[in-house]
Amino acid sequence: MKPLRDIPFNIVIKSISGKDVIRFDENNEKHKKVLEILIEVARLTSKYINSKGISSKRPNEVGNKVEKVVKEVFKEKGIIAKTPQTTTSKTKSSGYPDIIFWYNEEPYYLECKTFNKSNLQSTQRTFYFSPSENFKVAYDTIHFMLAFEIYYERDKNKYKCKSFKIISIESLSVDLKYEFNSDNKRMYSNIDGAKILHQEEF
C-alpha cells in the first residue's frame, strides 16, 4: 500500500463526487466576468481587513475570520455566497469547499486560504479534503481559491492583509496518504481489541 502522488485535482473530485471541475478559460467572456467579480471581492475584503485589522489569539484562526469577511463582501455586492450544502442537503461548515457563490444563476466554488511570505515555498500540507458520504461538491463548475497574504502588526496586535492571489485549481496536483485511525470510544471502552492494563482516579 503506497501513497499516491501528483494526481490532478479534477480527477479526484470526479471520482469522489461524479462532478466535473470545469477548466477556467481565459478567453471565455463568462469566466472573465466571474474573475472580475472575484477581484472586486478580494480588493474589498482586503480593504475591510486592513481598516480594522483582525484580532486572533491563534494565527491559524485568522483564515476563518477572513472567510466571514469574504461572505459579507459577496452579500454587500448582492451575490449569494454561503457554505455549500452536502449532497444530502446538510450544511457542514468544515470540509472542502468553504463557499459556494452564485453569479448569473450559475454556481462556483471558492476555497479561502491565508499565507505569509515566509511559508510561501513550504511543502507543509495546507490544502486537504477527504471523501465523504456528505461531500460538499454537488455541481459541475469552476473551483477557485482566494488566498490572502496576512502579516502581523505587533504594535497593534492585529493581522492585516498585504496581497491576495486568485487561483483556478482544476489541475492542482494532490497526493493521497492513506491513514489508519481509531477513536476514544474504541480506545477506552476495553472492547474492540484495546485492553486497559491499569487506570487510576484522583
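Glu40 and Lys77 form a salt bridge in this predicted model, with the closest N and O atoms 2.6 Å apart. A salt bridge is here a side-chain nitrogen of Lys or Arg within 4 Å of a carboxyl oxygen of Asp or Glu. Glu40 belongs to helix α2 and Lys77 to the loop between α3 and β2, so the pair ties together parts that are 37 residues apart in sequence. Helices (H or I, at least four residues) and strands (E, at least two) are DSSP runs, numbered from the N terminus. Glu40 is partly exposed, at a relative accessible area of 32%, and Lys77 is partly exposed at 31%. The accessibility classes are buried for under 20% relative accessible area, exposed for over 50%, and partly exposed in between, with a 1.4 Å probe and protein chains only.

Residues are numbered from 1 along each chain as its sequence is written. The model being predicted, local features need pLDDT of at least 70 and side-chain atom pairs count only at pLDDT 80 or more, while totals for chains, interfaces and linings use all residues; side-chain values use heavy atoms, with hydrogens and water left out.

The salt-bridge count comes to 11. Among them is the pair Lys33 and Glu36, with an N to O distance of 3.6 Å. Both residues lie in helix α2, 3 residues apart, about one turn of the helix. An α-helix has 3.6 residues a turn, so residues three or four places apart point the same way. Lys33 has a relative accessible area of 34% and Glu36 one of 41%; Lys33 is partly exposed, as is Glu36. A further salt bridge joins the side chains of Lys14 and Asp20, at 3.1 Å from N to O. Lys14 is partly exposed at 39%, and Asp20 is partly exposed at 32%.

Helix α3 spans residues 62–76, a total of 15 residues. The distance from its first C-alpha to its last is 21 Å, close to the 21 Å expected at 1.5 Å a residue, where the expected span is 1.5 Å times one less than the number of residues. Buried positions in α3 are Val62, Gly63, Val66, Glu67, Val69, Val70, Val73 and Phe74. Seen down the axis of α3, these buried residues fall within an arc of 165 degrees, so they line one face of the helix; the arc is that of the directions from the helix axis to the C-beta atoms. Lys68, Glu72, Lys75 and Glu76 are exposed on the other side of α3. The elements covering the buried residues of α3 include α2 (29–52), β2 (81–82), β3 (99–103), β4 (106–115), β5 (143–153) and β6 (158–168), contact being heavy atoms within 4.5 Å. Gly78, which follows α3, has a positive phi near 80 degrees.

Five strands make up an open sheet in the order β2-β3-β4-β5-β6, with mixed pairing. Two strands are taken to pair if DSSP finds at least two bridges between them. Strands β2 and β6 stand at the edges, each with a single partner strand, so one side of each is left without a neighbour in the sheet. β2 and β3 run antiparallel and are joined by 2 bridges; Ala81 stands opposite Phe101 in β3. In β3, 4 of the 5 residues are buried, leaving the strand mostly covered. The antiparallel strands β3 and β4 are joined by 5 bridges, and Tyr103 stands opposite Glu106 in β4. β3 and β4 form a hairpin with 2 residues between them. Asn104, in the turn of this hairpin, has a positive phi of about 50 degrees. β4 and β5, in contrast, run parallel, with 7 bridges between them. Cys112 stands opposite Leu146 in β5.

A search of the whole structure for disulfides, defined as pairs of cysteine sulfur atoms within 2.5 Å, finds 0. The sulfur of Cys112 is 12 Å from the closest cysteine sulfur, in Cys161, which is too far for a bond. Cys161 is likewise in no disulfide. Cys112 is buried at 9% relative accessibility, and Cys161 is buried at 6%.
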